[in-house]
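Please look at the sequence and structure first.

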Amino acid sequence: MGQNERVTFGSKLGVILATVGSAVGLGNIWRFPYMLGENGGAAFLLVYFICILILGLPVMLTEFFIGRHTHRNAAGAFKAMVPGTKWSLIGYNGVLAAFLILGFYCVIAGWTLEYIWQSVTGGMHGKGADQFKLEFETFSTGVVRPIAWTILFLGLTHVIIVSGVKNGIERASKVMMPLLFLIMAVLCIRSVTLDNAAEGLAFLFKPDFTKLDSSVILSGMGQAFFSLSIGMGCLITYSSYFNKQTNLQTTALQVTVLDTLVAVLAGVMIFPAVFSFGIAPTAGPELVFITLPNVFGQLPFGSLWSFIFFVLLGLAALTSTISLHEVATAYVHEEHHMSRGKAALLVSLGVLILGTISSLSFGVLKTYTVMGLTFFDLLDYVTAKIMLPLGGMMICVFVGLRVDRKILKAELTNEGTIPFYFFNTYAFFMKYIAPIAIGVIFLNELGLIKWMKGFF
Ligand code: PHE
């Protein structure tokens, strides 16, 4: 598709909402709390914040540069900038990551549909924490129900992808984002007024540095990349739909701030309740799904709150699955000259297979593990902790080495029409700090740094 026929997002608000829509999702509300719980609490939060600031922002801005500069999909962008080189591998890494993330993400997204259903049909009142847990376990280890919801969720994503960027993505995001903020604020208030809430807040905000080890740092970095949707070309793809007036700097800042805010809100919503109801913070992927029903049970009209919350969570997940699907679909459509509809179908069918196996890995396939990880965990680990940070690192290395600073600055300042006061700082972080920090974190996790220390 030529540059001129390419669609763009309709309005300034649309740009931000769609990008925030991609960033804000299960990553913030489902993955962030359980990662934090498994990694010792506030120390993880601190690592996460630092990663957002020194890695997240520069990588996001760099992706925006690549996407809007080339107006191409994640792989095509590199082909357009440096034809015939291996740099396009960064794009392929991203396309593959999108596909693999969808393969586990749509399972959790499907769970939100089950909870919407439960809110409508079942009561919340009179059930204790153990019963909510048991119900969750019965559901998630089952075969037909979770897979059916996964398929339904994927179907919804598919339909929106086929109906195009502007009508689907932009419209969906515009309505749900403000609503999501609102309901999370209400739930935070309820949660911090529960008995024992202070313990949960201390877990979230009072760092215990003895908990800090290489795996906490890797997890914090992975979470930052996952939550911001960076390192895999998603934001390259989205920014390829930005127009020449979009202010890339403020967009990056707004998306980052909003995304981080939602994660912190999720923490405040979950942890006081976790401690109040005696749930283990280390419960893993089910944490949110066993904690929140207890909170709803404590509210008047609990089922109604539950219904609204899970609808919004489902929608937040949907705007993220759309962005993931779009990475893969735009790639197949544009690089393999297939119609958009066919490309989308191919992607959906592939994801369906992965999603089914992921879903079963909570139940009948639980014992099939690789390095102690179930299929679901493996997809999560490989993408969030390896492919995204590696992709982000390579994006920075690429722009740092191969792109003329003048071109970079011209794009990020809209041809000099808007100022970029911190350009040199940004360029320094992008070129040196981000790649080196990510590299060191990898080496540290692999134990290589410890090993090297043995020589001195
Ligand atoms: N950022 C999304 C979330 O937090 C997930 C995602 C990751 C979406 C990578 C796109 C790309 O839920």
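A344 sits in helix α15, residues 340-360. Helices here are DSSP runs of H or I, at least four residues long, numbered from the N terminus. The model is predicted: local features need pLDDT of at least 70, side-chain atom pairs count only at pLDDT 80 or more, and totals for chains, interfaces and linings use all residues. Residues are numbered from 1 along each chain as its sequence is written, and side-chain values use heavy atoms, with hydrogens and water left out.

**Around A344**
- A344 counts as buried because its relative accessibility is 0%; buried means under 20% relative accessible area (1.4 Å probe, protein chains only).
- Beyond its neighbours within four places in sequence, A344 is in contact with H158, I161, V162, H325 and T329. Contact means heavy atoms within 4.5 Å.
- V95 lies 249 residues from A344 along the chain, and their C-alpha atoms are 13 Å apart.

**Helix α9**
- Helix α9 spans residues 197-205, and its buried residues are A197, G200, F203 and L204.
- These buried residues fall within an arc of 120 degrees seen down the axis of α9, so they line one face of the helix. The arc is that of the directions from the helix axis to the C-beta atoms.

**Helices α3 and α4**
- Helix α3 (residues 42-70) packs against helix α4 (residues 74-81) at about 75 degrees, with the axes 9 Å apart.
- The two helices, α3 and α4, are therefore roughly perpendicular, a term for angles of 65 to 115 degrees.
- F65, I66, H69 and T70 of α3 meet A77, F78, A80 and M81 of α4.

Definitions and conventions
Buried means under 20% relative accessible area, exposed over 50%, partly exposed in between (1.4 Å probe, protein chains only). Axes are lines fitted to C-alpha atoms, for helices over the stretch in contact, and angles run from 0 to 180 degrees between N-to-C directions. Angles under 35 degrees count as roughly parallel, over 145 as roughly antiparallel, 65 to 115 as roughly perpendicular and the rest as oblique.
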